[in-house]
Amino acid sequence: MNELKEQRLKKLNELSDLGIRPFGGRFDRRDTAADCHDGYLEGKEVTAAGRLTAIRGHGKTSFCDLRDSSGKIQLYIRKDSIGEEAFAVIKLLDLGDIVGAEGTLFTTHKGEISILVSKLTLLSKALQPLPEKWHGLKDREIRYRKRYLDLIVNEDVRNLFRKRSRIIREIRRFLEERGFLEVETPMMQVIPGGAAARPFETFYTALNSKMYFRIAPELYLKRLLVGGFEKVYELNRNFRNEGLSRKHNPEFTMLEIYEAYGDCRTMMELVEALVTEVAEASDCGLRIEHGENVVDLKRPWRRVKYRDLICEYMKDPDWFSQTPAEMVASAADLELDISDQMLPGEITHEIYEKCIEPGLIQPTFVLDLPAELVPLAKSREDDSSLVDVFELVVNGSELAPGYSELNDPIEQRQRFQAQEDRSDQAGEGGKIDEEFQIGRASCRVRV
RNA sequence: GGGGGUGUAGCUCAGUUGGCAGAGCAACGGCCUUUUAAGCCGUGGGUCGAGGGUUCGAGUCCCUCCGCCCUCACCA
């Protein structure tokens, strides 16, 4: 383990003895690897820079792969082109070193565009060996803990980073075009609200006060609506002190959008447009392959009532008039962890989450959820047991909820109280935010 | 927390009924002026995740612990 590094340190000293600075400074790179390919002209003078990712020595010549953020360009180094002394330096180069290369473009016999190097400048010596060139870095533990290695070695990971950046940019543009104001609200809160989740705690010495990392921006965004902004959104980090898995990260980015005077349907149309337009604008396309599933984002998306999904799945139009015991009996084949001690809504939702939602692969708006599942949404006027809410399900998991927001402060106060009572029982330490007693018209969506 | 899997060279991985610790790439030395997973000859490199046990002998079998992955439960 030390041997490989010692060998590189030895080369470092040899380079210094030759009067070469192993860690250079500014280098006026004029051409990227992509420029060399796209603007190819035989004999064109170019100056490129990047990391050596392959070295194929050939006696008095050497072929190297030089990789920069735009791609890869091959260097062809000849002893008779750069001189004996400079060629001796080439022998001290390692995979992973960062170099600058000046020379002229040409095409090899095998048809690869390359730089015939006239001058090579060492910009940064790599003291750690890189992972293997062919099999790459597969150990997931190391890939996540040493992201820089993952990025150096795995092209698809670099492209994933680029794609994410582009999607974020297109989301902002989409919302900007529709008159939404981007805001940043407090990430450290005295009362962590807007969701049911365990928060991370911290301490603000100057105020001698315990603070929480936010679990959602919701309550502050609503304050902006109270203040008179009619279309606002925030696209930023939230923190939840919970388990982590491939699907859940304790710190994650969430988009939350509010629009005054609208309702749940306003938000449905907005989300549908946002996802499809951003997918196209960022070159992701409307056909998304994910494992075995192919998701087709083409509009319009399916809209279906929660009740209809349940009744259809259970093949029972009268499901909701059954007693818990009858429900458990009907669902006996589903191998669920349910009992007749549970509330009808809990049994039903267990069936929804375990059996129905995972099967909703194509984008689906599930509408008219039972009120007990969603504490801060407006009830439907025609049925107070339902709330005017959608949940967007794609590829078997919930992607975004959308609400007609509850704007009755008296009712909301009661629901906050109920929520606090529940979270006290659950040990989550929820607190009531008392500022929501001012009139407000809004709906929102969270992605 | 339950169940399953996994941990061996810098990287990717073999390792048979328990019998000298292996390969490819990377590294080091040598040859090679159009290669591209370059090629050829040679060399070095290991706390086999950790600890204990069985055995003449353990990478291999047994026990305990640790890391990671998958899955169930919990949790949005």
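Thr107 sits across from Ile113 in strand E5. In this predicted model, local features need pLDDT of at least 70 and side-chain atom pairs count only at pLDDT 80 or more, while totals for chains, interfaces and linings use all residues. Residues are numbered from 1 along each chain as its sequence is written, and side-chain values use heavy atoms, with hydrogens and water left out. Strands E4 (residues 98-107) and E5 (residues 113-124) run antiparallel, joined by 10 bridges. Strands (E, at least two residues) and helices (H or I, at least four) are DSSP runs numbered from the N terminus, and two strands pair if DSSP finds at least two bridges between them. Both belong to a closed barrel of five strands, in the order E1-E2-E3-E5-E4, with mixed pairing.

Now for the nonpolar cores, meaning sets of buried Ala, Val, Leu, Ile, Met, Phe, Trp, Tyr and Cys residues joined through side-chain atoms within 4.5 Å. Buried means under 20% relative accessible area, exposed over 50%, and partly exposed in between (1.4 Å probe, protein chains only). The largest core has 28 residues, and Leu175, Leu255, Ile257, Phe390 and Leu392 touch the most other members.

Arg214 is found in the loop between strand E9 (209-213) and helix H8 (218-226). Arg214 is buried, its relative accessible area being 0%. Its side chain makes a polar contact of 3.2 Å with that of Thr185; such a contact is a pair of N or O atoms within 3.5 Å, and within protein one must be able to donate a hydrogen and the other to accept it, with residues adjacent in sequence counting only if both atoms are side-chain atoms.

Terms used. Chains lettered and ligands numbered in written order.
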